[in-house]
Amino acid sequence: MSISLRMGLPGYMSVLGIFVLACGDGATTTAPPNAALNRGSSVPVNFAAAKSQVVTCSGSSSTPGSIVYTTGTIHTCNLLTGTDVSLGISGVNPKFSPPGNLITYQATSGHNQGIYVMFSNGAGKKLVSSSGGMPSFNPAGNMIAFDNNGIWTSSVTVAGTTITVGVPKQIVAVGVGLGSAWSQNGSQIAYIRMLNNTEKLMVVNVSDGSPVDSLSMSGGFLDVVWQPSSKILFSHSGDLYSYDPTAGTSTTNPSRLTTSGSGNFYPSWSPAADQISWTNGKTGISIMSALGGTGKLVIPGGTQGSWAQ
């Protein structure tokens with residue numbers, strides 16, 4: 001069965017995630033009001049085929065760190081050893097905290113829909129918000145941002161084997177915000193803004209939501225990622241791009257990293273920001289140089305990979 005993971009932005013609306021059943025409710029944090037639920041994508045993912053393909057990930061002594069990804073069930077892949085672990089948790093849009101000790105993700109079905117956080121072994125799951133999507137950690141790993149008819153943040157603290165989450169705070173209320181990506185120092189967030197049928201890549205200050213920079217391109221934006229690099233990664237019209245918000249637009253900024261024009265989504269920076277992982281069509285997760293070019297398939301059948309920093 002093919003399932004849509006994120007709807008195209010012009011059709012931004014609530015959908016039913018019929019393919020996942022997350023376990024446990026976690027904390028009872030108050031959810032933001034008037035929430036748009038589980039976004040999907042125009043990119044179909046065949047989870048049944050993915051589950052039949054993924055047995056282990058490819059290990060390489062030249063590829064550091066771990067990637068969390070989903071096949072409908074959340075997995076972690078140690079890129080050095082090639083060890084693949086299923087966490088037994090159903091969900092989409094998983095993201096590692098930079099230290100790698102936590103994972104946040106989006107559950108999309110039944111009474112468990114919303115944003116959750118858990119330890120990287122799948123234990124200690126807590127509810128962050130009962131609605132929303134596309135969560136991400138700040139560089140310190142103690143804040144989560146997510147979209148929910150705007151951009152929200154919530155604190156996360158760890159004491160031993162206990163995770164505690166704060167009440168979500170809305171920092172962007174104008175228009176529809178999609179996705180969230182933190183800057184290197186955690187003071188800014190990039191997201192996709194939809195207003196009056198116009199899409200922009202926006203950069204705002206976390207402290208008060210005030211705008212710092214914006215980027216307009218013909219067509220839609222998807223899959224925004226920022227730290228640990230100074231450049232923002234995103235998908236646009238089926239290809240991946242990087243953009244330096246401090247350099248201004250030019251013929252080389254944003255820079256196009258793939259050229260196939262289709263099937264390139266869900267980018268993530270490596271810990272040193274010298275490599276990029278991304279979902280390459282329906283084949284799985286590949287890794288390429290930060291400058292773009294041909295990639296190497298490392299997780300057949302996986303999608304939505306996020307590197308631990």
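A disulfide here is a pair of cysteine sulfur atoms within 2.5 Å, and the structure holds one. This is a predicted model, in which local features need pLDDT of at least 70 and side-chain atom pairs count only at pLDDT 80 or more, while totals for chains, interfaces and linings use all residues. Residues are numbered from 1 along each chain as its sequence is written, and side-chain values use heavy atoms, with hydrogens and water left out.

**View 1. The disulfide between Cys57 and Cys77.** The S to S distance is 2.1 Å. The torsion about the S-S bond is about 105 degrees, so the disulfide is right-handed. Cys57 lies in the loop between helix H1 (47–53) and strand S3 (66–70), and Cys77 in strand S4 (residues 73–78), so the pair ties together parts 20 residues apart in sequence. Helices (H or I, at least four residues) and strands (E, at least two) are DSSP runs, numbered from the N terminus.

**View 2. Burial of Cys57 and Cys77.** Cys57 is buried, with a relative accessible area of 5%, and Cys77 is buried too, at 0%. Buried means under 20% relative accessible area (1.4 Å probe, protein chains only).

**View 3. The largest cavity, about 190 Å³.** A cavity is a set of points, on a 1 Å grid over the protein atoms alone, where a 1.4 Å probe fits but cannot get out; lining residues have an atom within 4 Å of a point. Of the 21 lining residues, Lys95, Ser136, Val225, Gln227 and Ser306 lie nearest the centre. Strands supplying at least two lining residues each include S6 (92–96), S10 (133–137) and S27 (303–307).

Definitions and conventions
Buried < 20%, exposed > 50% of the residue type's maximum accessible area, 1.4 Å probe, protein only. 1 Å grid on protein atoms, 1.4 Å probe; cavity = no way out; pocket = protein on both sides within 12 Å on 5 of 7 lines; lining within 4 Å. Points joined across faces, edges and corners; volume = space filled by probe spheres on them.
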